[in-house]
Amino acid sequence: MDKSKAIALLSVKTGKVDIDGESFQINDLTIGQRGKIRAAIRKDDVRGQALIVCLGCETFDESDMDVVLASSGKKVSDLADAILDLSGLGDDKGKKD
């Protein structure tokens with residue numbers, strides 16, 4: 001396999017998830033993002049879940065952490081779970097507290 005084909009196979013997947021009738025574009029987490037999220041979860045699992053949303057949803061970025069932390073826990077969990085599923089990390093889903 002040539003390098004360009006290998007790079008294409010390893011590219012980030014995209015998808016969408018609907019929450020309350022609105023669509024959010026989501027992305028597969030990169031290996032670097034996974035490491036960053038795991039480190040965050042070890043310190044504070046709630047901030048880690050918010051970071052999943054900030055890194056995996058095209059609507060947000062890390063500067064939106066406080067906005068995500070002030071949002072509905074269930075909706076953030078649903079969005080984070082969809083990102084984890086797309087990323088092949090479905091076993092890492094959080095509780096719907």
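This is a predicted model: local features need pLDDT of at least 70, side-chain atom pairs count only at pLDDT 80 or more; totals for chains, interfaces and linings use all residues.
Me: Where does Asn 27 lie?

Reply: Asn 27 belongs to strand E2, which covers residues 22-27.

Me: Is Asn 27 buried or exposed?

Reply: Buried means under 20% relative accessible area. Asn 27 has 16%, so this residue counts as buried.

Me: How far apart are the C-alpha atoms of Asn 27 and Val 76?

Reply: Their separation is 15 Å. Along the chain, the two are 49 residues apart.

Me: What share of the contacts in the protein comes from residues 24 or more positions apart?

Reply: Take the contacts with a separation of 6 or more. Of these, 45% join residues 24 or more positions apart.

Me: Which elements does the protein have, and how do they run?

Reply: Count 5 helices and 2 strands. Read from the N terminus, the order is α-β-β-α-α-α-α.

Me: Why does the radius of gyration agree with a compact globule?

Reply: For 97 residues, a compact globule would come near 13 Å. The protein has 14 Å, so the two agree. The C-alpha trace spans about 45 × 35 × 25 Å along its principal axes.

Me: How much of the protein is buried, and what makes up its accessible surface?

Reply: Of the 97 residues, 33% count as buried. The accessible surface is about 6200 Å². Carbon and sulfur atoms hold 52% of that area.

Me: Which residues make the nonpolar surface patch?

Reply: Met 1, Leu 9 and Leu 10 make the patch, which covers about 430 Å². Patch members need over 30% relative accessible area. Take Leu 9 as the case. Its relative accessible area is 58%. Exposed means over 50%, so Leu 9 is exposed. Leu 9 sits in helix H1, residues 3-9.

Notes. Residues are numbered from 1 along each chain as its sequence is written. Side-chain values use heavy atoms; hydrogens and water are left out. Patches are made of residues with over 30% relative accessible area and no salt bridge: like charges are joined within 9 Å, nonpolar side chains (Val, Leu, Ile, Met, Phe, Trp, Tyr) within 5 Å. Accessible areas come from the Shrake-Rupley method with a 1.4 Å probe; for residues, only the protein chains shown count as cover. A salt bridge is a side-chain nitrogen of Lys or Arg within 4 Å of a carboxyl oxygen of Asp or Glu. Helices (H or I, at least four residues) and strands (E, at least two) are DSSP runs, numbered from the N terminus. Buried means under 20% relative accessible area, exposed over 50%, partly exposed in between (1.4 Å probe, protein chains only). The radius of gyration is taken over C-alpha atoms; the globule rule is 2.2 Å times the number of residues to the power 0.38. Contact means heavy atoms within 4.5 Å.
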